[in-house]
There are 2 protein chains.
Amino acid sequence: MKETRHRGTEPLRAGDPPSPTGTLERHRPIGTQRDNGPGPSSDAESPGPPEGNEAEALLRRARAAVDPELRSAIASLPGSMRRIALYHFGWQHADGTPATGNAGKAIRPALVLASAAALGGSGARTAAVRAAAAVELIHNFTLLHDDVMDRDTTRRHRPTAWTVFGDAEAILGGDALQALALRLLAADPHPVSPAAAARLADCVVELCAGQQADTAMEQRGPDEVTLDETLAMAEAKTGALLGCACALGALYTGAAHEDVDALDAFGREAGLAFQLIDDVIGIWGDPRRTGKPAGADLAARKKSLPVVAALASGTPAAAELAELYTRPYEQDKEDLEQTALLVDRAGGRDWAQAQAVDRMARAVSELARAVPEPEAAGGLLALAEFVTRRSA
Amino acid sequence: MKETRHRGTEPLRAGDPPSPTGTLERHRPIGTQRDNGPGPSSDAESPGPPEGNEAEALLRRARAAVDPELRSAIASLPGSMRRIALYHFGWQHADGTPATGNAGKAIRPALVLASAAALGGSGARTAAVRAAAAVELIHNFTLLHDDVMDRDTTRRHRPTAWTVFGDAEAILGGDALQALALRLLAADPHPVSPAAAARLADCVVELCAGQQADTAMEQRGPDEVTLDETLAMAEAKTGALLGCACALGALYTGAAHEDVDALDAFGREAGLAFQLIDDVIGIWGDPRRTGKPAGADLAARKKSLPVVAALASGTPAAAELAELYTRPYEQDKEDLEQTALLVDRAGGRDWAQAQAVDRMARAVSELARAVPEPEAAGGLLALAEFVTRRSA
C-alpha cells in the first residue's frame, strides 16, 4: 500500500481476532481488571460495556462527544471550504447531498478523552472535548494533504478529496482544517489551552517532518535506508499524534509535566506498535480482511518496517531482496510471493512482531508510571490494544 | 501575471513616484503632520526619517524586530522543513549555503507594529513583536502553497520552493510555517495572545477561501464572473491579512473591540486599494519598472479587477472584450494592445483607479475613527500610502 497508511489508515474492524503479537494476552490482566466502578476513570454515565468491547464503546462515545464540535467548526467555514471538509468527513456526497458517512474511527479523540478521564475523571474528560476535536481536525488535515502528495485515490472507501475536487481545493481544505484546529484551542477558555495549542502545533511540525522523511526515503534505493531512520519516520508520522492526543488529555487534568510526558510516550509507543503490525499486514495480510490486494506494499516497493529490517539483516536473503527491490514490480504474482518469502527469511516478519510486542510493553510501562491504578488505566489500555489488534 | 500576485506580490520598489490615484496627495496632510515627537506613536528610539521615507524606515525596523523571532522559530524546525523555510525566506541557497536574501518587504509585520504603536506606544509595539512574526509566517505559508497551486515559478526574483524541492516539500513546508505561526502565539504569555491566535486562524480560513475563489473564478468564462465576487475574492485574498495585521497590533494595546475592528477595516481597505493598483499595473505597467512582460495579466486571460469591471460595463467594448477573452492568447502583441484598449474603453481602468481612491479614503476614515490624533496615525498612514504608491 501507499505510505499514507502510516498516518492515514483507520485501524481495524471490530471483531478482529487478538493480535498475533501476543500483546493482548500479555496485558489483559491489566486491561480486564476494570469493573466500571465509580473511580476517577470510570465513564460513570454509561453502563460498563461487555468485556472486549470497551474500546469500541470508548470510540463511539468519543465520536458522539467530538462530532458536535467538529460539525460546528466546519459549519463556520465559507461554503467552498465547507464543501471539501464535509465531503472528506463523509458527511456529504460530492454533489453536496447529505451522507451518513464514515468520518473514521475517532481513535485520536478517544485517546484524548480516555487520557483526561484516566488522570482527572469525567470532569476532565468533558473539559478536554475541544482538544479532542482539535486533534481530530489535525489528523484530517494531514490526511487531505498526504493524499494529494501520495496521489492516493481511496480514503475510507471513497474517492479522495483531491480526485473529486482537485489538488488546490484539497490543499486549501487541509490548510483550513489546521487553522480550525488551532482556533478551537485559542477559543477554549481552559487555562491549559495555550499549552495544548503549543503542543499540538509542535506535533504538526513533527507530522510534516515524518511525511517528508517518508516521501524522501521512498525515493532512495533499498540499500540507502537504515532501520533507525525508518523507525524515526514511523514515530514522527504515526506515533507523534497518538502521543500528542494522550498528552493533551493529561494536560486538561492539570497533571504534572512528567505524567504528561509519560502519556505522550505511551501514545507514541502504541502508535509504533500499530505501525509495525500494519506493515506486517501490508505484506502478509489476508486481502479478504484488509480490503487491499495481497502484497500491495511489496508491489509498490514500499520501504516498510519489516522490509527495511530484512534488508538490514546482513543475511543472504537480504541481498536477494535488495536486488529484487531495485527492479520495479511487473504484475508478477510469483515475484510478490518470492519477495514476501525473502522478507520473512531475512527475519523481517519476526523482527516486526517482536518489536511490536516490545513497543507495546514500553507503552504499558509508561502508562503504569503515570496511571498506576489499573482501573484508571483501563480505557487507554483498551484503546492501545484495539489499535494493535489485527490479524496478519 | 498569475493570481499569486494577489496574496503574493511584494509591493513596490523604494522611490516609486506617487500613486496615480492621487491618494498620496489627498491624504498627505495627515501623513505629514508627524514630527516624531515623543507622542505615543513615535518610534522614539530611532531618529525621525526624512520626509517620504517614513514607510521605508518602518519596514526596516519591522524587519529588524521580527527577523530574530522568525529565525528562531525556523531554527526550531527539523532539518528537512528548516531547509525549505530558509530557502523560501531567502536566507539559504538551494544547496544550503547562507544567502543574504530577500525575505520580502515586511509590510504585514510593519502594520502589526505600527498599529500597536499607534494605539499603545512603544511598549505595545514591543509586546506585539511575536504577533508580527506570526503574521509574517502565515503570509509565507500562503505564498508557499499558492505557488504550488498556481504553478508560479518565480518568487522574490528566485525560483519558487516547489520548483527547487518539489511539490510535497513545499506543501509540507507551508504546513509547518502555519503551525509555527500559531505556536508563537500559543507560547506568548501576553493576555491577548489567545484572542490574537483566534483572529489569525480566522484570517487563514479567509485567505484559503480567497485563494479558492480566485482559482475557481479563473476556470470560468469571462461572462460568468461578477464584479462583486471579484472584489470579495480580492478582499479575502489580499485585504484580510493586512486587516488582521492591523487588528492584531490593536489587540496588543488592549484597545476596545470597535477600535480593533476599525483597524481591521483600515487594513482591508488599504489592501483592496493596493490590489486595484496592482491590477492596473498588471495591464498597463511599464515592464522596465515592474520586471514583468507588458500585459502579462491579459495574456494569461486573468480576470483581474479592471478586466471584470470592463466586462460588466455593458458597453460595446465589453462585448468585444468578452469575445477576445474567451479565445486563448496566441503570442500576438497586437492582441494584447487591442485587449488593453478595450478594457480602457469599457471603463475598466478609470473604474479601478477611482475605486482605489475610494478604498483609500475609506481606509483613512476607519483609521481616523480609531486613531484620531494625526501624529499617532502617521505610521499606519505612511505604510498604507507606501503599498499603494505605484506607477501604472
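This is a predicted model: local features need pLDDT of at least 70, side-chain atom pairs count only at pLDDT 80 or more; totals for chains, interfaces and linings use all residues.
Q: Okay, how many residues of α10(A) are buried?

A: Helices here are DSSP runs of H or I, at least four residues, and strands are runs of E, at least two, numbered from the N terminus. In α10(A), 21 of the 25 residues are buried, so to speak mostly covered by the definition above.

Q: Where is the kink in helix α10 of chain A centred?

A: The bend at a residue is the angle between axes fitted to the seven residues ending there and the seven starting there. For α10 (residues 227–251), the kink is about 50° and sits at G239(A).

Q: What is T160(A) in contact with?

A: Contact means heavy atoms within 4.5 Å. Skipping neighbours within four places in sequence, T160(A) touches Y87(A), D147(A), D152(A), T153(A), T154(A) and R155(A). T160(A) lies in the loop between β2 (158–159) and α7 (161–165) of chain A, and is buried at a relative accessible area of 1%.

Q: How is the size of an interface given?

A: Often as the accessible area lost when the parts come together. Here that buried area is taken with a 1.4 Å probe and summed over both parts. Between chain A and chain B, about 2,700 Å² is buried, with carbon and sulfur atoms giving 74%. L172(A), V205(A) and Q212(A) supply 20% of the area that chain A buries against chain B, more than any other three residues. Each chain puts 32 residues into the contact.

Q: How many salt bridges are there between chain A and chain B?

A: A salt bridge needs a side-chain nitrogen of Lys or Arg within 4 Å of a carboxyl oxygen of Asp or Glu. The count between the two chains is two. D202(A) forms a salt bridge with R183(B), their closest N and O atoms being 2.4 Å apart. As for the side of chain A that touches chain B, its largest share, twelve residues, comes from α9(A).

Notes:
Residues are numbered from 1 along each chain as its sequence is written. Chains are lettered from A and ligands numbered from 1 in the order in which they are written. Side-chain values use heavy atoms; hydrogens and water are left out. Buried means under 20% relative accessible area, exposed over 50%, partly exposed in between (1.4 Å probe, protein chains only). Buried area is the accessible area (1.4 Å probe) that two parts lose on being put together, summed over both.
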